[in-house]
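Let's take a walk through a protein together. Keep the sequence and the 3D view side by side as we go.

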Amino acid sequence: MLQNIKISDVANLPSRFGKFKVQAFKQGHKEHLAILREPFGDTPVVRVHSECLTGDALGSLKCDCGDQLAYALNMIEKEGGMVIYLRQEGRNIGLLNKINAYALQDKGFDTVAANHQLGFAADERTYEMVQFILAHYGIKKIRLLTNNPQKINAIEGVEIVERLPIVIDPNEHNENYLQVKKEQMGHLI
Ligand SMILES: [Zn+2]
């Protein structure tokens, strides 16, 4: 179990997506956020979303992160639950490396090959903070909103009773990216 985690108070966050509460969890220099929509019962819908500045904040069409985040926030507003927003930008290679990977993609590399070219695995993300946050709320069972079967195995310490898919229409820019996710990374899309 993780240690030396600082936890903020819970605050209201009304948003265009719904009436949320937020609570921050600080581990080292990384600050993560739980976005809560109550009531969520004993088997909440949970989305584990990793930070993607370009997709989440800039509306990038290179990936589907912004659409996935919006889908998840709309879903928890309806069903109750939480989005756990992990600050692991660029599948945890950081913003600078991600932009370098994008520059390689401009030269024709796909998303996996670009990461390899920079000396990283296709996916460097970790999920131990998820276990910590769910335990913090006393949650033992979840319905996990994901298309990524590896996430089902990576999230420990909690029973995943159901996998809920995220359905997003591709655009002309991310069609190839989504194809690579499906064929090389095993995503169920
Ligand atoms: Zn993204």
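Helices (H or I, at least four residues) and strands (E, at least two) are DSSP runs, numbered from the N terminus. What you see is a predicted model, in which local features need pLDDT of at least 70, side-chain atom pairs count only at pLDDT 80 or more, and totals for chains, interfaces and linings use all residues. Residues are numbered from 1 along each chain as its sequence is written, and side-chain values use heavy atoms, with hydrogens and water left out.

Start with Ile99, which sits in helix α4 (residues 94-106). Buried means under 20% relative accessible area, exposed over 50%, and partly exposed in between (1.4 Å probe, protein chains only). With a relative accessible area of 39%, Ile99 is partly exposed.

Donors are N, O and S atoms within 2.8 Å of the metal (3.2 Å for Na, K and Ca); water is not among the atoms, so sites may look incomplete. Here the protein donors are Cys52 (SG), Cys63 (SG) and Cys65 (SG), lying 2.2 Å from the zinc ion. Cys52, in the loop between β5 (45-50) and α1 (53-56), and Cys63, in the loop between α1 and α2 (65-79), are 11 residues apart. Cys52 is buried at 4% relative accessibility, and Cys63 is buried too, at 5%.

Finally, head inside. A nonpolar core is a set of buried Ala, Val, Leu, Ile, Met, Phe, Trp, Tyr and Cys residues joined through side-chain atoms within 4.5 Å. The largest one has 21 residues, and Val46 and Ile84 are among those touching the most other members. Helix α6 gives the most to this core, with five residues.
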